[in-house]
Amino acid sequence: MSILSRMAPRVSMTGRQSSTARLSAVKRHLSTSPVAMADGKTSPTDSVLYEADGAARIYKLNRPKALNALDMDMVQSLAKEVNTWRNSDQCKLVIGRGDERAFCAGGDVKSLVEGRPTQGAAPALKFFQEEFEMNWEMGRLGKPYVAIIDGFTMGGGAGISLPANIRIATKKTVFAMPETKIGYSPDVGGNYYIAQLDGQIGAWLAITGQETWGRACYELGIATHYVAPEVLPDIVRQLGALEDPTAEQVSALVASYHVPEEAGLEPSSKASREGPSPVRGAIRKFLDEAFGKNSIQEIYAAVKKGESDSSLPKEVQEWAAVQRKHMDERSPTGMAVALENFRLTQKAKRLNTTLENDIRMATGFAGTDRPTEDFSIGVTHLLVDKAKGRANWNPSSLEDKFCEPASIKANFFDPKAKHLQETPKLTFRPEPETQEGHDHTWGQFRRYGLPSESAVREWVQGENPQAGAFKVNEEELIQRMLESTGDAAGPRAKEFAARIKQVVAEHCKTDKDGYLDWKQ
């Protein structure tokens, strides 16, 4: 069999800085300038700061006291700049960043709830409409986009970072879609991206609102790269030196700063952020079985059974107990809606459809004739009163008929429902390429990170355009996948190879000649 010859373009780095980058430093210095806002002014007190560095355009979220939570001014500002960058020949690369504590901890839902008694539902629905339209534009930049998710990255922060080709995590990263904690469900198009994670990991994240810490964000595929936080300024400077970068070149540059896995660390958690993800092996198998159930009631039953199932390893029972505790604290309505919306995304595989479902769902939670007050209850409990323990959800149990699948569909996703007629219409710029089939970006979310299970399957089954017509053995598979990602000689090669071997061991069988077949 011939060896695959097509290799992704790479940036050759020596001492983490090429001579080309050094020679262009003066030019970059001269071309670096703040970018004027729509009113022609720029100020260090603006909630979003903009900078041009050579061919790169950088936005910096600048609301540190609120952990860079998005308000309407920020949403409108970002939407305007993103539209400009997409249509500008001068912009070749977009970089998004926050501060040392947070990239973006979500949307400013507190102000939306507090304003409802006097302003009604209109301001909240207008916010969701403009935010979701901006999320679409982020996903249609049409040029390399780097999101530095250093620190808290949650909710609305996921909506503006997950569309990025390159998502850089550090040991300080804390990622979550925590909406079920506040009586709501994941929105901002986030389901489109987490549905491209392996197995049922996305469903687990959406339902439980579980935090993912540090290195685990990289291992699960939420981030494509993992570096030390101290090198981020240098990475940004290096990126600014690239005159006409491809996503492959950007990925290779960032990968040159990779922090390899350190042996002997406890699994990833708040106390062990550099440790490996606990979602592997027996835990991962249990997660897929439990969160792959058809209804939220069945999922809860499977999780509850798992914590006392003596046939399961102790680590799985303990993990199940933690998940059951999380689910006991979350909004039953929020979890039921989260599952239904996630399944709709898995079926559609389209970003615009996901966002349309999100805006209809948001109207169900925040509209004038909303069928539930859980959004107000949760935000008031957690963000206004800062209370501990479980909120007074209504209904309080997953066994309530309101949480049954048919009821959830009727109350949150039926376009003919009377109370959903005030759902704002989203305007997508640019327009979707087609209304049929899956989105052309579907399957690309993991492209520059650790290989996904679906990527390995495509290579084994010959579905990848570069795979060729012949079956491969494990050694050939590893070589070809590494060459296709540009990591064959890079610092991530060992981890990539180990990841591919892991997937092969779990999902492939070997024929008598040593060639691989995917288990059906």
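This is a predicted model: local features need pLDDT of at least 70, side-chain atom pairs count only at pLDDT 80 or more; totals for chains, interfaces and linings use all residues.

Me: Which residues lie nearest the centre of the largest pocket?

Reply: Pro178, Lys181, Ile182, Leu382 and Leu383 do, out of 41 residues that line the pocket.

Me: And which helices and strands supply at least two residues of that lining?

Reply: On the helix side there are H4 (109-114), H6 (122-138) and H18 (374-384). The strands are S7 (152-154) and S9 (174-176).

Me: How does the lining divide into nonpolar, polar and charged?

Reply: You get 21 nonpolar residues, 14 charged and 6 polar.

Me: OK, switching to packing. Which residues of the largest nonpolar core touch the most other members?

Reply: Tyr59, Leu78, Phe128, Phe291, Phe375 and Leu477, in a core of 115 residues. H6 is the top contributor, giving 8 residues to this core.

Me: Where does this core lie relative to the domains?

Reply: It lies between domain 1 (48-277) and domain 2 (453-518), because both of them give residues to it.

Me: Take Leu477 then. What is it in contact with, leaving aside neighbours within four places in sequence?

Reply: Leu477 contacts Val456, Trp459, Val460, Val472, Ile500, Val504 and Leu516. There's also a second, separate core of 21 residues, and its members include Val227, Ile235, Ala247 and Val250.

Me: You mentioned Ala247 and Val250 in the second core. How many residues of helix H12 are buried?

Reply: H12 (residues 247-255) has 8 of its 9 residues buried, so call the helix mostly covered. The buried ones are Ala247, Glu248, Val250, Ser251, Ala252, Leu253, Val254 and Ala255.

Me: What covers the buried residues of H12?

Reply: The cover includes strands S4 (93-97), S6, S8 (166-169) and S11 (225-226), along with helix H11 (232-240).

Me: And H14, which of its residues are buried?

Reply: In H14 (residues 296-306), they are Ile296, Gln297, Ile299, Tyr300, Ala302, Val303 and Gly306. Those residues pack against helices H9 (201-208), H13 (281-291), H15 (314-329), H16 (332-348) and H19 (405-412).

Me: Now some single residues. Arg140: buried or exposed?

Reply: Arg140 is buried, with a relative accessible area of 8%. You'll find Arg140 in the loop between H6 and strand S6 (145-148).

Me: What does Arg140 contact, neighbours within four places in sequence aside?

Reply: Arg86, Leu351, Pro430, Glu433, Asp439, His440 and Thr441.

Me: What about phi for Asn68 and Lys386, positive or negative?

Reply: Asn68 has a positive phi of about 60°, and Lys386 has a positive phi of about 50°. Neither residue is a glycine.

Me: Where are they, and is each one buried or exposed?

Reply: Asn68 is in the loop between strand S3 (56-61) and helix H3 (72-86), and at 0% relative accessibility Asn68 counts as buried. Lys386 is in the loop between H18 and H19, and at 60% relative accessibility Lys386 counts as exposed.

Me: Last one: where is Gly115 found?

Reply: Gly115 is in the loop between H4 and helix H5 (116-119). Gly115 counts as buried, at 11% relative accessibility. From Gly115 to Pro229, C-alpha to C-alpha, is 38 Å in space, and the two are 114 residues apart in sequence.

Definitions and conventions:
Residues are numbered from 1 along each chain as its sequence is written. Side-chain values use heavy atoms; hydrogens and water are left out. On a 1 Å grid over the protein atoms alone, a cavity is a set of points where a 1.4 Å probe fits but cannot get out, and a pocket is an open set with protein on both sides within 12 Å along at least five of seven lines; lining residues have an atom within 4 Å of a point. Helices (H or I, at least four residues) and strands (E, at least two) are DSSP runs, numbered from the N terminus. Ala, Val, Leu, Ile, Met, Phe, Trp, Tyr, Cys and Pro count as nonpolar, Asp, Glu, Lys and Arg as charged, and the others, Gly among them, as polar. A nonpolar core is a set of buried Ala, Val, Leu, Ile, Met, Phe, Trp, Tyr and Cys residues joined through side-chain atoms within 4.5 Å. Buried means under 20% relative accessible area, exposed over 50%, partly exposed in between (1.4 Å probe, protein chains only). Domain bounds come from an automatic or database domain assignment. Contact means heavy atoms within 4.5 Å.
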